[in-house]
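Please keep the sequence and the three-dimensional view at hand while reading.

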Amino acid sequence: MKRKIIAGNWKMYKTLKEGLAFLDVFIPLCNREMMEKCSLVLAPNFTLLVSMAGRCREAGISLAAQNCHPTGEGAFTGETSLAMLADCGVSHVLVGHSERRAIFGETDDFLNQKLKAAVAAGLIPILCVGETLEQREADVAESVVEKQLQQGLHGVDLDEKMMVAYEPVWAIGTGKTATAADARTMHQCIRQCLESMGGGGDLPVLYGGSVKPANAAELLAAPDIDGVLVGGASLNPEDFARIAGSM
Ligand code: PGA
């Protein structure tokens, strides 16, 4: 059985003390059975990366950054390069989370640059895609996601190590989850889109948006859903462990 990916996105939550306290509780809950069934990824804030790296590595948890800048170095105040992230023990990086797109105006073209730079730096990008409620209601959800994939992955070898996370914007932080059936339909559409772009057969496609212990098992049981990207529920070590242990 392929291991499912359980990724936690802490967004702008947790101080250093809180992050380390999370690990104190979470790591002992990562038993062998859980670790055989899933790959764990945690995306804390930049300020926590260095301090969490050693303990995460020992526990078999991969560390992700929530963002990156595509340029190697330069006059980009407030930004962080991929080499700097790799230095901190980071192996994965979120690219194009809907909050980056909506609040910080990141375009598909800029995300494409980040994705290419992440691959070139040997990090695993997790490209986030998803439609808004208006787009779903206007029946354009699939074409919106296809465009995000085509532009975000333009010129990228789909056999490189990377992941896609389907996160319907209306399900993020709202308590509304796509039904497993809705998620599966979009995941199949994403697979078809990747195939039409010439590959991506082994590329994991995660679901995100109000994933919690109560709905994780159903989502993770779906063969087209290769894992989950968890926001709010990943802040609580017991909840995150329950999600990871729900297969
Ligand atoms: P949520 O966030 O689980 O709190 O809905 C998911 C995400 O933004 O990745």
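How many Å separate an oxygen atom of the ligand from an N or O atom in the side chain of Lys 11? In this model, which is predicted, the distance between the ligand oxygen and the side-chain atom of Lys 11 is 2.7 Å.

**The ligand and its surroundings**

The ligand is surrounded by 13 residues, and the closest of them are Lys 11, His 97, Glu 167, Gly 173 and Ser 210. For His 97, a polar side-chain atom is found 2.6 Å from an oxygen atom of the ligand, while in the case of Glu 167 an N or O atom of the side chain is 2.7 Å from a ligand oxygen. The ligand would expose 280 Å² if taken alone, and the protein buries 96% of that area.

**Salt bridges**

Across the whole structure, a search finds 11 salt bridges.

| Pair | N to O distance |
|---|---|
| Arg 136 and Glu 131 | 2.7 Å |
| Asp 224 and Arg 184 | 2.6 Å |
| Arg 242 and Asp 239 | 3.0 Å |

The side chains of Asp 224 and Arg 184 meet in a salt bridge. This pair links distant parts of the chain, 40 residues apart, with Asp 224 in the loop between helix H10 (213-221) and strand E8 (227-230) and Arg 184 in helix H9 (residues 180-196). Asp 224 counts as buried at 19% relative accessibility, a value that falls under the 20% limit used for that class, and Arg 184 is partly exposed with a relative accessible area of 31%.

**Helix H6 and Lys 114**

Lys 114 belongs to helix H6, which covers residues 108-120 and has 13 residues. From its first C-alpha to its last, H6 reaches 18 Å, close to the 18 Å expected at 1.5 Å a residue. Is Lys 114 buried or exposed? Lys 114 counts as buried because its relative accessibility is 1%.

Other buried residues of H6 include Asp 108, Leu 111, Asn 112, Leu 115 and Val 119. The buried residues of this helix pack against helix H4 (82-87), strand E4 (92-95), helix H5 (98-104), strand E5 (124-129) and helix H8 (141-152). After H6 comes Gly 122, whose phi is positive, near 80°.

The 14 residues of helix H1 (residues 16-29) should span 20 Å at 1.5 Å a residue, and the end C-alpha atoms are 20 Å apart, which agrees. In H1 the buried residues are Gly 19, Phe 22, Leu 23 and Phe 26, and their cover includes strand E2 (38-43), helix H3 (46-59), strand E3 (61-65) and H11.

Leu 48 has its place in helix H3 and counts as buried, because its relative accessibility is 0%. Not counting residues up to four places away in sequence, Leu 48 touches Trp 10, Lys 14, Thr 15, Leu 16 and Gly 19; of these, Gly 19 is among the buried residues of H1. Leu 48 and Lys 161, by contrast, are 113 residues apart in sequence, and their C-alpha atoms are 25 Å apart in space.

Note on methods
Residues are numbered from 1 along each chain as its sequence is written. This is a predicted model: local features need pLDDT of at least 70, side-chain atom pairs count only at pLDDT 80 or more; totals for chains, interfaces and linings use all residues. Side-chain values use heavy atoms; hydrogens and water are left out. A salt bridge is a side-chain nitrogen of Lys or Arg within 4 Å of a carboxyl oxygen of Asp or Glu. Helices (H or I, at least four residues) and strands (E, at least two) are DSSP runs, numbered from the N terminus. Buried means under 20% relative accessible area, exposed over 50%, partly exposed in between (1.4 Å probe, protein chains only). The expected span of a helix is 1.5 Å times one less than its number of residues. Contact means heavy atoms within 4.5 Å. A residue is near a molecule or strand if one of its heavy atoms lies within 4 Å of it. A polar contact is a pair of N or O atoms within 3.5 Å; within protein, one must be able to donate a hydrogen and the other to accept it, and residues adjacent in sequence count only if both atoms are side-chain atoms. Accessible areas come from the Shrake-Rupley method with a 1.4 Å probe; for residues, only the protein chains shown count as cover.
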